[in-house]
Amino acid sequence: MSSSNAQLSRYAVVLGLLTAIGPSAIDMYLPALPVIGHALGADPHAVQASLMAFFIASGAGQLVAGPLSDMFGRKRPMYAGLAVFVAASIGCALAPSIGVLIAFRFLQGLGACASMVTPRAVVRDLHAGTEAARLMSLLILVYSVSPILAPLVGSFVAEMASWRAVFWVIGVLAVLAAAMVAVLLPETRPPAARAQSSLRAAMAAYGALLRDRHFLAVASMASITLSGFFVYVANSSFVMGTHYGISPRTYAVLFSLNAVSMIAVSQANGRLAARFGIRRVLRTAVVAHAAVAGLLLALTLSGVDRLGALVGLLMVVYGLNGVIVPSAFVVAMEGHAARAGTASALLGTLNFAGGAVVVALVSPFANGTPLPMVAGIACCSAVVLVLALRTLGRPRAAAMAGA
């Protein structure tokens with residue numbers, strides 16, 4: 001392996017693990033959601049509120065974390081965020097009621113936002129175009145290990161100790177992540193670039209991004225694609241446990257299959273983008289995503305209620321997420337190198353804000369059966385398809401927009 005490839009792999013490991021800190025705080029406690037509700041005397045909607053609190057805090061916090069990473073460098077905001085995350089994890093572990101848990105989950109989301117927004121900015125600091133897509137795909141590979149291991153680790157810890165021990169484990173992982181940043185990740189935002197950044201510049205950058213219709217359209221594609229996944233995250237443990245009667249350990253295994261699929265598909269993304277162009281690959285993946293999600297909804301509406309069909313088709317859907325999300329990030333950030341941190345922050349905010357809104361819209365219809373969850377996923381996929389056809393539907397127009 002060449003020194004360049006070794007360095008790329010090292011950065012991908014560190015950035016992937018940093019990006020996974022926030023999602024691990026979601027995935028690891030998913031198998032224990034029903035247990036948490038029983039232990040704290042809370043109904044499923046109140047327990048889901050702890051997820052929504054994390055989504056909202058992570059989304060809002062990234063609006064601040066992104067500009068701070070432009071102003072003070074990439075590493076210092078990450079250290080501060082991880083410190084808050086560790087403190088909030090301890091609070092979650094000691095929470096005496098569902099209200100206190102929700103409050104500390106909100107604080108935990110604020111702490112996680114720096115480690116979620118900054119890695120995308122680091123990718124843009126280091127590379128652009130196909131090389132950025134390659135590094136982003138490697139990052140997704142490492143990041144995708146989290147949804148495989150986190151639910152399994154969470155179910156094991158909850159069974160062996162308690163649901164509270166899950167949050168102690170999450171806090172320890174954040175401490176290890178901070179150590180890796182200190183040892184393995186260089187500062188990629190030079191002082192000269194930081195001198196050009198300020199709060200006023202950040203506000204101007206947000207204004208420019210919000211006026212960039214192409215950026216907003218492509219960023220919304222990533223956001224709504226992930227919103228479909230968040231619908232699954234918020235509802236699947238109750239559907240699997242109540243409707244299909246499976247154990248938390250089996251649920252963790254089934255949840256992990258989605259990450260396996262995402263890893264397998266995402267690793268072809270860099271090669272496909274180099275051969276066919278990143279926009280063409282993105283457009284094709286969106287069409288396939290909508291087709292499979294639509295098939296799943298049609299089967300569910302027709303009365304097909306089989307766990308194997310649900311799991312198998314969702315594996316395909318979330319495998320395609322491994323192409324859509326990183327490709328959309330790269331396409332959206334094209335032309336925004338000078339404000340990479342701010343652009344990454346707005347991307348992250350749209351992702352989690354969209355997730356919180358969609359989960360809130362689907363939640364009133366949740367009845368323990370697969371239909372509300374599947375309908376929410378299919379609706380998200382349909383909206384992404386419309387955005388893709390309008391934004392990337394004509395290759396010549398898309399190329400001009402990128403230029």
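User: Which residues of helix α12 are buried, and why do they line one face?

Analyst: Helix α12 covers residues 269-276; helices are DSSP runs of H or I, at least four residues, numbered from the N terminus. Buried means under 20% relative accessible area, exposed over 50%, partly exposed in between (1.4 Å probe, protein chains only). Down the axis of α12, the buried residues fall within an arc of 100° (directions from the helix axis to the C-beta atoms), so they line one face. The buried residues are N269, G270 and A273.

User: Which residues are exposed on the other side of α12?

Analyst: This is a predicted model: local features need pLDDT of at least 70, side-chain atom pairs count only at pLDDT 80 or more, and totals for chains, interfaces and linings use all residues. Residues are numbered from 1 along each chain as its sequence is written, and side-chain values use heavy atoms, without hydrogens and water. On that other side, the exposed residues are R271 and R275.

User: Where is F106, and is it buried or partly exposed?

Analyst: F106 sits in helix α5. Its relative accessible area is 36%. That makes F106 partly exposed.

User: What is the mean pLDDT of the protein?

Analyst: pLDDT is the predictor's confidence in each residue, from 0 to 100. In this protein, 88% of residues reach 70 or more. The mean is 83.

Technical notes: Helices (H or I, at least four residues) and strands (E, at least two) are DSSP runs, numbered from the N terminus.
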